[in-house]
Amino acid sequence: MNNLEFAKKMQARTMVFAVNVVKFFVKLPKTDEARVLGKQFLRAGTSVGANYRAVCRAKSDADFISKMGTVVEEADESAFWLQLMENAGVCSSVSIQPLKTEADELLRIFSTSLNTAKRNAGR
């Protein structure tokens, strides 16, 4: 798979993640704590895809590294909010597991990409 194919695949994957984040948010209980935590997750989870699109338009290696750093931060933050909602009992482990799995996978993929870009930029 070349870089363009990978980028298109990841753009589609992050869009699906964002849609699933929105659908999850809509189903959260209508409590104050669910809304506060849910809005944080909604912002971070949808931001992963939006910021990855910006990565795909990077103008230089430094720009790519900077923008990919933001994607990694948002993916990590998404995983954090999911874990917090689960630990606080805002939602069930069963309902949250697919999103946790995808957030973790995206985080690993983007972290690896960022680390590779940093190594290659140092050459």
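Select helix 1 and helix 4 (residues 93-121): their axes come within 11 Å and cross at roughly 150 degrees. Axes here are lines fitted to C-alpha atoms, for helices over the stretch in contact, and angles run from 0 to 180 degrees between N-to-C directions. Helices (H or I, at least four residues) and strands (E, at least two) are DSSP runs, numbered from the N terminus. Helix 1 and helix 4 are therefore roughly antiparallel to each other; angles under 35 degrees count as roughly parallel, over 145 as roughly antiparallel, 65 to 115 as roughly perpendicular and the rest as oblique. Helix 1 passes helix 4 in a left-handed crossing, a term for a near helix turned anticlockwise from the far one by less than a right angle, with clockwise giving right-handed.

Display the side chains at this contact. Helix 1 contributes Phe6, Met10, Arg13, Thr14, Phe17, Asn20, Val21 and Phe24, and helix 4 contributes Ser95, Ile96, Leu99, Glu102, Ala103, Glu105, Leu106, Ile109 and Phe110. Contact means heavy atoms within 4.5 Å. The residues of this contact divide into 11 nonpolar, three polar and three charged. In this classification Ala, Val, Leu, Ile, Met, Phe, Trp, Tyr, Cys and Pro count as nonpolar, Asp, Glu, Lys and Arg as charged, and the others, Gly among them, as polar.

The model is predicted: local features need pLDDT of at least 70, side-chain atom pairs count only at pLDDT 80 or more, and totals for chains, interfaces and linings use all residues. Residues are numbered from 1 along each chain as its sequence is written, and side-chain values use heavy atoms, with hydrogens and water left out.

By class, the contact of helix 1 with helix 2 has 13 nonpolar, six polar and three charged residues.

Now move to helix 2 and helix 3, whose axes come within 8 Å and cross at roughly 155 degrees. The two are therefore roughly antiparallel, and their crossing is left-handed. Their contact comprises 15 nonpolar, seven polar and four charged residues.

Within helix 3 (residues 61-87), select aspartate 63. A polar atom of its side chain lies 2.9 Å from the backbone nitrogen of lysine 59. Aspartate 63 also touches Arg57 and Ala58, not counting residues up to four places away in sequence.

Finally, zoom out to the whole chain, which holds four helices and zero strands. The C-alpha trace spans about 50 × 25 × 20 Å along its principal axes. With 123 residues, a compact globule would have a radius of gyration near 14 Å, and the chain agrees at 15 Å; the radius is taken over C-alpha atoms, and the globule rule is 2.2 Å times the number of residues to the power 0.38.

Key: A polar contact is a pair of N or O atoms within 3.5 Å; within protein, one must be able to donate a hydrogen and the other to accept it, and residues adjacent in sequence count only if both atoms are side-chain atoms.
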